[in-house]
Amino acid sequence: MKALTLASLKMTHIVLQKKSFTELENVVLPCLEVAADLIHGEKDAVKNVTQIPLSDTTIIRRSVMLADDLKEQLVKKLRLAASFGIQLHEITYIGGEAQLIVYCRFPDLKEKTTVEHYLYCIQLGLETTAHNIFQKLYDFIIEEGIDWSRCKSVTTDGAKVMVGAIKGVVKKIQAVSPNCIKINCVIHREALVAKYLNKQSISQQGKGGDIFTSIGKINAFKLKVKKWKSNVEKRYFPDMNY
């Protein structure tokens with residue numbers, strides 16, 4: 001029985017790789033029956049394989065158990081870390097429901113290196129105010145026994161709800177962890193820059209243009225770049241989509 005349960009757990013771990021909960025029972029189990037029959041040629045071998053608990057309800061239960069265990073292992077390491085950083089990423093689905101995905105980065109004492117992990121996904125619902133986002137994040141950190149004062153950095157995409165000068169999520173985090181610094185996501189800025197460049201390139205194409213219009217657009221773009229450069233030197237990162 002122990003071997004059957006262990007097999008069920010290990011196979012559930014495979015299902016977690018974005019497979020359907022019915023995959024094991026409907027696809028994998030029949031394959032195992034064929035293999036057991038052809039390789040061992042014994043009825044007992046086939047019977048033992050069919051006794052592995054692989055129903056969809058069992059797999060769902062096992063998945064939740066494994067997820068909780070993995071989270072607890074991660075949280076234990078995070079509690080022991082002298083410092084850690086978090087990255088916040090808000091996602092809104094078609095129905096308007098929002099979720100906040102939280103990643104963490106910290107020195108792992110056991111691994112003796114800095115590691116990065118997916119930490120948690122917080123349901124925000126339809127209310128995505130800075131207060132609501134921070135409160136749900138704050139509650140999770142407190143409930144898991146993690147020391148807020150050890151949060152030394154927070155990375156966001158630069159949205160106003162995150163980096164608002166007075167009531168943004170980052171400001172609220174810095175209120176409970178004064179030594180926490182704000183970091184703007186480089187990849188997000190890179191994507192925005194590529195989008196600026198694409199607009200500039202497209203504006204130079206098509207019929208009806210002339211040298212004077214093109215030069216004017218290029219000069220205007222040069223002024224924007226100069227302004228952005230000045231903002232970076234001053235460590236001022238507003239929404240530069242203009």
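A salt bridge is a side-chain nitrogen of Lys or Arg within 4 Å of a carboxyl oxygen of Asp or Glu. I noted at the outset that this is a predicted model, in which local features need pLDDT of at least 70, side-chain atom pairs count only at pLDDT 80 or more, and totals for chains, interfaces and linings use all residues. Residues are numbered from 1 along each chain as its sequence is written, and side-chain values use heavy atoms, with hydrogens and water left out.

Entry 1, salt bridges. I searched the whole structure and found 6 salt bridges. In one of them the side chains of Lys71 and Glu144 meet, at 3.2 Å from N to O. I then looked up where the two partners sit: Lys71 is in helix H4 and Glu144 in the loop between H5 and E4, 73 residues apart (helices, H or I, of at least four residues, and strands, E, of at least two, are DSSP runs numbered from the N terminus).

Asp147 pairs with Arg150 in a salt bridge, where the closest N and O atoms are 3.7 Å apart. Through salt bridges that share partners, Lys71, Glu72, Arg79 and Glu144 are joined into one network.
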